[in-house]
Amino acid sequence: MKFNFLKSIALLGITGLSVISCQNDDEGDKTNKDIDFTTKSKVPAFVYAQPGFENLQISTLISTTDVLPESPSFIYAGQPDGAGFMKNPNGEGYVMITNHEIIQSVSRVYFDKTLKPVKGDYIVDAVGGQTRLCSATLATPEIHGFGPIFLTAGESGQESMVHGINPLAPATDKNRKDRVLPALGKASMENAVPLTKEAYPGKSVIIMGEDQSYAASHASAGQVIMYVSTVGDLNNGKLYALKRNDNVQVETTMTVGNSFDVSFVEIPNAKNITGAEINTTVNDLKAIRFSRVEDVDYRKGSAKNNREVYFTATGQSSNGTTPVEGYTMWGRVYKLVLDEKDPLKGKLELVVEGDSTPGTGVINPDNLCVTDNYVYIQEDGDSYYANAKHDSYIWQYNIASKTNKPWLTMNHKRTDAAWNTLYNQSGEMRFGSWEYGAMEDISDVIGVPNTFTLNIHPHTWQNDTFKNADGSGVTTSKEGGQTVIIRNVQR
């Protein structure tokens, strides 16, 4: 597919865009007085701050039951995950683009200048999405040197692909299947994250994670994959897989405090081969076998910072309690520092792991949000490990001190009968039954420092009226979802 719309959109002079990976901000001395952080929804926030972070201010931005005045039939579907946030180029206010994983769709919500949601539609439905859509990145000319384009990755098996979606596309295009990007490979992918244009001038370097467990039919397990091209060329670049230079593929041989020389090796003819062939090829190339690489993000700030990449290995088990040999069960976060001159070279180290603190420390990290000084690690607690001792947390990892603290948790209210009637129709009481979607820095877009959005998957909140939110008639999920705003976030 040719992305001629990129050139036309760029001519609009769109500014003030933010993406899933929490982009750089210039706070300045001004704060936008038009923004009203009063909760717009009748649904209370499903999260609250952990001890030590009581200064966080949390309000609900949008929930599934909210009725938007200019599109009263619009349903903000369940499992909101990867997202992008931008100023509305066609008027006052803002636009939020959001993956809804469970229904394979992408919504678009318009906000007025006070941040009140007023209208919504779908720019990808389940027919066009084809696969589960998880994390995502809104690439922009200002930050990445190309776009705007919403890169959303498919996660339904090894033949899934990354989609390139025009965030301003008409809703009538929502069922199009021709917006995938074969050159970025085929895999059960979680995100496709382009580094900034300053990281490697003249190049687009896009890093992807493969959310794949080890199995006899998928011996390569989860990969870290890199696409490299001239700026903005999403069709003719080359694809690479991450390996250790000593050819050791087993991830559990890497421990905290050690660093490993790594490189990215080319996957020949990746654009034209199947996902199954890519899976075999990367294993033959001795790529590292990670246990489900579910998200990727880079450090904000300088070009040097932007070459510091973090990614998760969420983990797997054979039966819910037993690790698979060679793979993390409780999950890990890795830091990859890329060479200044050559993105195909780098150093890899493990910075956070949950295997030594089973059920009490980090449990199955999924989404990441990396700022100048912190990595916000969001747990995927719906794995329901029997030994989990807490609900899904967001952890704040301090890059300088290498300390990790619980920052946010879920507001389940299990002993509140009225609450459970409203938000726990399935009667699920185990820890970790809810999880997080994207966390995004929107400070520069709305002009209010230290302000982030956070997507939430309250899996137990279910209602038949939530079905068929995208109008495709393809999916049957009846889950609700929520996006909150959090202020006073340390960056």
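**A walk from a salt bridge to the cores**

Let's start at Asp178, which has a relative accessibility of 42% and so counts as partly exposed. The model you are looking at is a predicted one. In it, the side chain of Asp178 meets that of Arg176 in a salt bridge, with 2.9 Å from N to O. Arg176 is partly exposed too, at a relative accessible area of 27%. Side chains of opposite charge can pair when their charged atoms come close.

By the rule used here, the count comes to 19 salt bridges. Asp464, for example, meets Lys467 at 3.7 Å, N to O, and Lys478 at 3.4 Å, N to O. Asp464 and Lys478 are 14 residues apart, and both sit in the loop between strand E25 (451-457) and strand E26 (482-487). Lys467, with 37% relative accessibility, is partly exposed, and Lys478 is also partly exposed, at 32%. Elsewhere, a network of salt bridges links Glu101, Arg132 and Glu155.

How far can you trust the picture? The average pLDDT of the chain is 92, and 93% of the residues score at least 70. Residues 1-29 are a stretch to treat separately: the pLDDT there is below 50, although the stretch has 91 contacts in the model beyond near neighbours in sequence.

The largest nonpolar core has 30 residues, and Phe290, Phe311 and Leu348 touch the most other members. Strands E12 (203-210), E13 (224-230), E14 (238-244), E15 (259-266), E16 (296-298), E17 (308-313), E18 (332-338) and E19 (345-353) each give two or more residues to this core. To see the surroundings of one residue, select Leu348: leaving aside residues up to four places away in sequence, its contacts include Phe290, Phe311, Leu242, Val262 and Tyr334. Another core, of 26 residues, lies apart from the largest one, and Val43, Cys369, Trp419 and Leu454 are among its residues.

Finally, look at a sheet. Strands of a sheet pair through backbone hydrogen bonds, either parallel or antiparallel. Here, 5 strands form an open sheet in the order E2-E23-E22-E21-E20, with antiparallel pairing. Strand E2 (47-49) and strand E20 (365-370) stand at the edges; each has a single partner strand, so one side of each is left without a neighbour in the sheet. From one strand to the next, the twist averages 30°.

Key:
Residues numbered from 1 in each chain as written. Predicted model: local features only at pLDDT ≥ 70, side-chain atom pairs only at ≥ 80, totals over all residues. Heavy atoms only, no water. pLDDT = per-residue confidence, 0-100. Contact = heavy atoms within 4.5 Å. Core = buried A, V, L, I, M, F, W, Y, C linked by side-chain atoms within 4.5 Å. Buried < 20%, exposed > 50% of the residue type's maximum accessible area, 1.4 Å probe, protein only. Helix = DSSP H or I, 4+ residues; strand = E, 2+ residues; numbered from the N terminus. Pairing = 2+ DSSP bridges. Axes fitted to C-alpha atoms, helices over the stretch in contact; angles between N-to-C directions. Salt bridge = Lys/Arg side-chain N within 4 Å of Asp/Glu carboxyl O.
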